[in-house]
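Hi everyone, and thanks for coming.

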Amino acid sequence: MKKSSPPLSIELILEIISRLPGDSVARCRCVSKEWASMLATPYFKSLFLTKSLSKPRLLFAISDDGNPRGRGAWCFFSSPQLEDPYEKSSSSTLVSAAEFHVCKFSVWDIEIDHYSNIKYFSCGYNSGLIYFHGSRSQGKPLICYPNTGRYAILPERYTYRKHYNYRKAYSFFGFDPIGKEYKVLYMAYASGPGDHALLTCGAPADMRWRKIECSLKHEIRSDGVCINGVVYYLGNTKGWVDPDGYVIVCFDLRSEKFSFINIERFCRLVNFKGKLAMIYWEDDFDFYEAATSDSDIDKYLEKKLVADANNELHVWVLEDVAKQDWSKHTYTWSTDNIFFRRHVSIAGVTASGEIVFSMRKYTSKKPFYVFYFSPERNILQRVEIQGFFSQGFKNPCSVRTFVNHVEDLHVDDLRLLNRIYAPFDETDDSESESDTDELL
């Protein structure tokens, strides 16, 4: 009599399933309630992120802002995030193919016009989702899963008809890994009316802005970065506290409390292998302050920065948050005849520690490059990204690049992503301190 083979262990089943694409994992969850529960555990989600075929990728959000008819529409691409690209080829330029995900993403009643000035446009990425808070004349924030284009419109903070001149897009998107919640932090314009507020993403009928307090008055000077449930961004206290003081604002999404780290100069903030890091060039300056009335910072930088700008890069990594202890590093590298600072932005840092720079603009029929810089080897590697031409862009387009994009099972579990609109209540901006803490 033929003997049946012994059943597979749970550990082996999880190991096998963790190597499947996200859509295949979703089908496995339908096998039984036991499988659905097993594949929703934090252990499996962590295993999926490390073992899945969905390796970390570079995500490109391209705005067709050179085309008047296409303004407010976005295309999403991704390409493999190269691991140790310095040993794969001895040539000066590597090539990577971009995979197309979504064409001309837009929402019929919302303008998502791209501006490089953070006063008028916020764009962030966290745990698989991309966040937009666009045009001052509309002002409705939304989140989107770039792999499929599924989205959710969030309640607008203020209606544009009230205090129009003060409707700034100062908002930050983060993920609380303990509570498994996405949250949006809105910081009111420092010299204008209104209150700071926080939104927890959830069922459309339940989403409401809640008023929060911040003890330090400051101007916003950077996009935000979320690390382990804490949102960080750069602020400037000039005119309120310090005549020329910069501060890193830290907002804990779990406790919903602010804290602050004093620093001496303008910089960019990044996630450096799970730690906060500030990055700046030797001759950097606060271009947001210098270009206060210019909505296109990219054009301003192209005019003001010379081609041979100083390429001495400083990287400070916050080793101890409580003691505010920084490890400080300085890097320079051999000149690359295509790498010009005025043409690139800092996309982020890979899990292995490479700093990724990306061109700010894509022009049809011209090559588009990202650059990997290895601090350990002091090597800059150029990579050409091919495939954007497939969408027929005819004018220069703005490009936002994000590192470490993966299929995240938290996104698959997010019921918020559907095509049902969230409620948009027109609230009065002049609520007093005695009003309820829940702002509609």
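Let's begin with helix α1, residues 10-17, whose buried residues are Ile-13, Leu-14 and Ile-17. Buried here means under 20% relative accessible area, exposed means over 50%, and partly exposed is in between, with a 1.4 Å probe and protein chains only. Those three cover an arc of only 95 degrees around the axis, which puts them on the same side of α1. The arc is taken from the directions from the helix axis to the C-beta atoms.

A quick word on where this comes from. This is a predicted model, numbered from 1 along each chain as its sequence is written. Local features need pLDDT of at least 70 and side-chain atom pairs pLDDT 80 or more, while totals for chains, interfaces and linings use all residues, and side-chain values use heavy atoms, leaving out hydrogens and water.

Now the overall picture. The protein chain has 7 helices and 28 strands; these are DSSP runs, H or I of at least four residues for helices and E of at least two for strands, numbered from the N terminus. Of its 440 residues, 55% count as buried. Among contacts with a separation of 6 or more, 60% join residues 24 or more positions apart, where contact means heavy atoms within 4.5 Å.

What about the inside? The largest nonpolar core has 42 residues, and Phe-60, Phe-357, Phe-368 and Phe-388 have the most contacts inside it. Such a core is a set of buried Ala, Val, Leu, Ile, Met, Phe, Trp, Tyr and Cys residues joined through side-chain atoms within 4.5 Å. Strand β25, residues 368-374, gives the most to this core, with 6 residues. Apart from it lies another core, of 41 residues, including Ile-118 and Trp-326.

Let's stay with β25 for a moment. How many of its residues are buried? The count is 7 of 7. Phe-368, Val-370, Tyr-372 and Ser-374 point one way, while Tyr-369, Phe-371 and Phe-373 point the other. In general, side chains in a regular strand alternate between the two faces of the sheet. Phe-368 itself touches, among others, Phe-60, Tyr-362, Ile-385 and Phe-388, not counting residues up to four places away in sequence.

β25 also belongs to an open sheet of 5 strands, in the order β3-β26-β25-β23-β22, with mixed pairing. Two strands pair if DSSP finds at least two bridges between them. At the edges are β3 (93-97) and β22 (344-349), each pairing on one side only. On one side, β25 pairs with β23, residues 355-359, in the antiparallel sense over 4 bridges; there, Ser-358 stands opposite Val-370 and Ile-355 stands opposite Phe-373. β25 also pairs antiparallel with β26, residues 379-386, over 7 bridges, and Tyr-372 has Gln-381 as its bridge partner in β26. The hairpin of β25 and β26 has 4 residues between the strands, and Asn-378 in this hairpin takes a positive phi near 55 degrees.

One last stop, Trp-240. Where does Trp-240 sit? Its place is in the loop between β15 (230-236) and β16 (246-252). Trp-240 counts as partly exposed because its relative accessibility is 32%. Leaving aside neighbours within four places in sequence, Trp-240 is in contact with Ala-190, Ser-191, Lys-217, His-218 and Glu-219. The C-alpha atoms of Trp-240 and Lys-217 are separated by 6.6 Å, although these residues are 23 residues apart along the chain.
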